[in-house]
Amino acid sequence: MIMTSTAMAAAIPDHNGTDLSGFTIGTKKLANRVRQYNDIFKSAGDQYGVDPNILASVCMQESGGVNYQYYSDGTPRPAWGIMQIENTNEKAFAKFGLERTGTAWTLEDRLDPEKAVPYAAYLLSESLYKYDYDYIKMLQAYNFGETVLDRILAAAGANWLDERKNAKDYASNWPYNSYGDPLYPEHVLAYYSHEIDYVGAKVMLNGELVKFDSQYPIIDNGTTLVPVRQIGEMLDATVTWDGDNGIAHINKADKDIELHTGTTTAYINGKKHELEVSVEVINGRTMLPLRFVAEAFEVNVIWHGENRTVELIDKY
């Protein structure tokens with residue numbers, strides 16, 4: 001399916017910001033060697049709050065799903081992996097692996113899609129938050145790097161798209177005549193589709209976008225789930241966790257909410273309530289229904305379906 005700018009905002013469910021006039025998407029198809037990683041794209045996208053179809057499109061643009069390049073005699077040589085993670089990411093990549101798996105990853109691990117894709121999703125997620133869910137800026141940052149993009153944004157403002165062609169002028173000590181791909185978002189979005197189900201959502205509290213860590217909100221049967229610890233932080237409540245029994249308590253003022261993993265049963269000050277979906281542990285994070293907990297503490301909850309955003313307005 002080919003979509004023009006008029007359909008693009010709806011096509012990228014939570015895009016915000018850059019005017020999409022003149023963009024077209026879905027004009028090219030993903031290669032099967034990219035589509036074979038769809039399960040990894042979905043898992044990483046759901047975890048880090050990035051549309052997995054964007055991850056697939058980035059992979060297609062970066063490598064076509066090929067882990068190796070070839071010498072002139074046809075023998076393979078290791079490249080930067082299917083997400084083309086550059087050598088400058090060596091320390092950050094190692095730290096990411098250590099924090100997520102307990103083992104520091106090496107640059108050789110870039111050739112493992114189950115490591116490269118989550119790291120790329122993490123990088124994109126950080127940019128997505130920084131640029132207020134502007135997917136165009138996020139994509140350009142993946143290619144240019146945030147430093148160069150920020151310099152272009154500061155210099156050109158609303159005309160930054162036109163200024164991309166001069167990116168080399170914003171890169172420090174850059175000896176070459178060109179820098180990166182000034183049309184990178186356009187090239188990536190040519191491969192974008194809705195082939196992979198996207199269940200992500202974002203949360204705003206009193207007008208501010210909430211940043212999540214190793215597990216972003218997901219939508220399960222129409223209910224937005226968020227990590228219990230961040231519910232506590234957002235609502236200034238105290239969270240206690242009984243890992244042996246899978247029970248979370250959230251306390252604020254004179255209210256105690258008790259939730260049990262794997263069930264739809266919850267208690268508010270001992271009174272039983274039924275949830276629409278069960279409390280689940282996902283990627284090591286206990287995920288709770290946001291609306292139920294927020295409204296129990298008298299926080300106004302508004303769902304903006306057009307950009308998949310839960311808006312919380314705390315009265316206190």
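Me: What volume does the largest pocket have?

Reply: About 520 Å³. The model is a predicted one, and the value is computed from it.

Me: What makes a residue part of the lining of the largest pocket?

Reply: A lining residue has an atom within 4 Å of a pocket point. For the largest pocket, 21 residues line it. Glu 86, Asn 89, Ala 141, Tyr 142 and Gly 145 lie nearest its centre.

Me: Which helix gives the largest share of that lining?

Reply: Helix H7 does, with five residues. Helix H6 (113–130) and helix H7 (135–144) each supply at least two.

Me: How many residues of the lining of the largest pocket are nonpolar, polar and charged?

Reply: The lining has 10 nonpolar, seven polar and four charged residues. Gly counts as polar and Tyr as nonpolar.

Me: Which residues lie nearest the centre of the second largest pocket?

Reply: Gly 222, Thr 223, Thr 224, Glu 276 and Arg 291 do. They are part of a lining of 16 residues. The pocket has a volume of about 320 Å³.

Me: Which elements give two or more residues to the lining of the second largest pocket?

Reply: They are E6, helix H12 (290–296) and strand E14 (300–304). H12 gives the most, with four residues. By class, the lining divides into nine nonpolar, three polar and four charged residues.

Me: Why are E6 and E13 called paired strands?

Reply: Pairing needs at least two bridges. Strand E6 (residues 223–227) and strand E13 (residues 285–289) have three bridges, so they count as paired. The sense is antiparallel. Val 226 stands opposite Leu 288 in E13.

Me: What is the order of the strands in the open sheet?

Reply: The four strands run E5-E6-E13-E12, with antiparallel pairing.

Me: Why do E5 and E12 stand at the edges?

Reply: Strand E5 (218–220) and strand E12 (280–282) each have a single partner strand, so one side of each has no neighbour in the sheet. The twist from one strand to the next averages 45°.

Me: How do you know that helix H11 packs on the sheet?

Reply: Contact means heavy atoms within 4.5 Å. Helix H11 (residues 228–235) touches E6 and E13. Both strands belong to the sheet, so H11 packs on the sheet. The direction of H11 makes about 90° with that of E6.

Key
Residues are numbered from 1 along each chain as its sequence is written. This is a predicted model: local features need pLDDT of at least 70, side-chain atom pairs count only at pLDDT 80 or more; totals for chains, interfaces and linings use all residues. Side-chain values use heavy atoms; hydrogens and water are left out. Axes are lines fitted to C-alpha atoms, for helices over the stretch in contact, and angles run from 0 to 180 degrees between N-to-C directions. On a 1 Å grid over the protein atoms alone, a cavity is a set of points where a 1.4 Å probe fits but cannot get out, and a pocket is an open set with protein on both sides within 12 Å along at least five of seven lines; lining residues have an atom within 4 Å of a point. Grid points are joined across faces, edges and corners, and a volume is the space filled by probe spheres set on the points.
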